[in-house]
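Look through the structure, then read the points below.

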Amino acid sequence: MNANKCAGCGVALQIEDAGRPGFVPEAARERDPVICQRCFRIKHYNDASSVAIDQDDFLRLLGGIAQTDSLVVHIVDLFDFEGSMISGLQRFVGHNPVLLVVNKIDLLPRVTNWNRLRNWVQRQAKANGLKVADIVLCSARRKLGFDRVVEAIAELRGDRDVYVVGATNVGKSTLVNRLISDYSDLERELTVSRYPGTTLDAVHIPLDDGHAIIDTPGIVYKSRLSEVIPREALQALLPDKPLKPLTYQFYEPQTLFFGGLARFDFLEGQRQSFTAYVSPGIPVHRTKRERADALYENHRGEMLSPPSKADLDEMPPLARHTLRIPPGAPQDIVISGLGWIAANGTEGAVVDVYAPKGIKVLLRESIL
């Protein structure tokens with residue numbers, strides 16, 4: 001363990017400048033383990049200052065994995081599967097095996113067919129060009145499936161280091177803390193929070209067999225709503241309980257507003273239903289299509305919130321995406337970081353989706 005690095009986020013410790021990452025106040029320098037002021041404030045006050053992560057450094061770190069003999073554990077967020085997959089991961093890992101850990105399964109209905117879901121994940125990974133040695137479904141928050149994650153790592157690791165990689169806020173540090181308790185006698189934990197970029201540098205955790213777990217910083221994708229939303233609204237955006245499906249029948253042009261964050265317009269198609277899977281912290285308002293523009297203009301930041309009126313200037317403007325849902329198998333309309341809207345019919349439809357500019361919006365094979 002490097003005594004000059006924060007035990008919580010891995011950043012280099014320093015005592016000169018309270019405004020830079022890694023600052024340790026004088027009163028905290030004798031603690032064991034030592035954590036930086038930022039980690040202390042996250043842990044005890046749920047408060048995090050914003051610290052930029054150098055993406056070039058992250059990609060250099062990721063690019064070095066191919067030259068090692070390691071197991072790569074890629075953690076993705078089931079609530080934002082497409083947004084949390086690391087783009088082009090296969091070329092970074094080389095010939096090293098990849099264990100795909102799919103977190104936050106506790107958000108799905110209990111009647112979910114888990115075998116079908118696992119097969120869906122396999123197809124999505126393949127579509128992203130990722131070859132996986134195994135897939136494990138789990139919930140870090142509820143500790144569901146964690147034993148299977150540990151078993152799969154033990155089976156695939158052999159005599160190797162373990163790199164844990166993922167986007168921000170997918171549950172990496174929670175998993176690594178479990179691995180620390182299972183594989184090491186260290187009395188320490190990584191800092192866990194809802195804030196993007198909590199781990200600021202690679203954290204090396206020595207294992208009892210002489211190898212290490214390397215927790216890498218979460219890569220920040222600005223195409224995810226969770227990365228651009230004002231911090232005060234983040235808690236409303238990220239669900240922590242099973243999603244309650246909201247089903248709506250459409251037979252004429254109508255609009256759904258998801259707070260002031262996104263908008264869904266049903267434009268053309270036979271009478272059919274759509275089911276929204278979003279955090280219960282995001283209120284959904286339905287109106288006729290011809291009233292939608294005025295409603296948004298007059299009520300965003302108030303009835304249509306989050307974001308609040310004070311935070312409107314922090315958000316990019318809404319951009320329109322016209323989607324043609326083909327007839328046939330049910331499809332999901334995904335707004336990265338917000339959730340998805342299941343098109344339940346098989347007749348096809350034309351819809352407009354408005355999301356903050358730069359946020360990923362796409363159609364996919366239905367997850368449920």
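Phe250, Phe264, Phe266 and Phe274 are linked into a cluster by ring pairs. Rings of Phe, Tyr and Trp (its six-membered ring) pair if their centres lie within 6.5 Å. The model is predicted: local features need pLDDT of at least 70, side-chain atom pairs count only at pLDDT 80 or more, and totals for chains, interfaces and linings use all residues. Residues are numbered from 1 along each chain as its sequence is written, and side-chain values use heavy atoms, without hydrogens and water.

**Aromatic pairs**
- The whole structure holds nine aromatic pairs.
- Phe250 and Phe274 form an edge-to-face pair, 5.6 Å centre to centre with 75° between the planes. Edge-to-face means planes over 60 degrees apart; under 30 counts as stacked and the rest as tilted.
- This pair links distant parts of the chain: Phe250 is in strand β7 (residues 246–250) and Phe274 in strand β10 (residues 272–278), 24 residues apart. Strands are DSSP runs (E, at least two residues), numbered from the N terminus.
- Phe250 and Phe274 are both buried, meaning under 20% relative accessible area (1.4 Å probe, protein chains only).

**Charges over rings**
- Arg286 has its charged end over the ring of Phe250, 5.0 Å from the centre. The rule for Arg is CZ within 6 Å of the ring centre and within 35 degrees of the ring normal.
- Arg263 lies over the face of Tyr354, 4.5 Å from the ring centre.

**Cavity lining**
- Asp77, Lys104 and Arg224 are among the residues that line the largest cavity. A cavity is a set of points on a 1 Å grid over the protein atoms alone where a 1.4 Å probe fits but cannot get out; lining residues have an atom within 4 Å of a point.

Methods: 1 Å grid on protein atoms, 1.4 Å probe; cavity = no way out; pocket = protein on both sides within 12 Å on 5 of 7 lines; lining within 4 Å. Helix = DSSP H or I, 4+ residues; strand = E, 2+ residues; numbered from the N terminus. Buried < 20%, exposed > 50% of the residue type's maximum accessible area, 1.4 Å probe, protein only.
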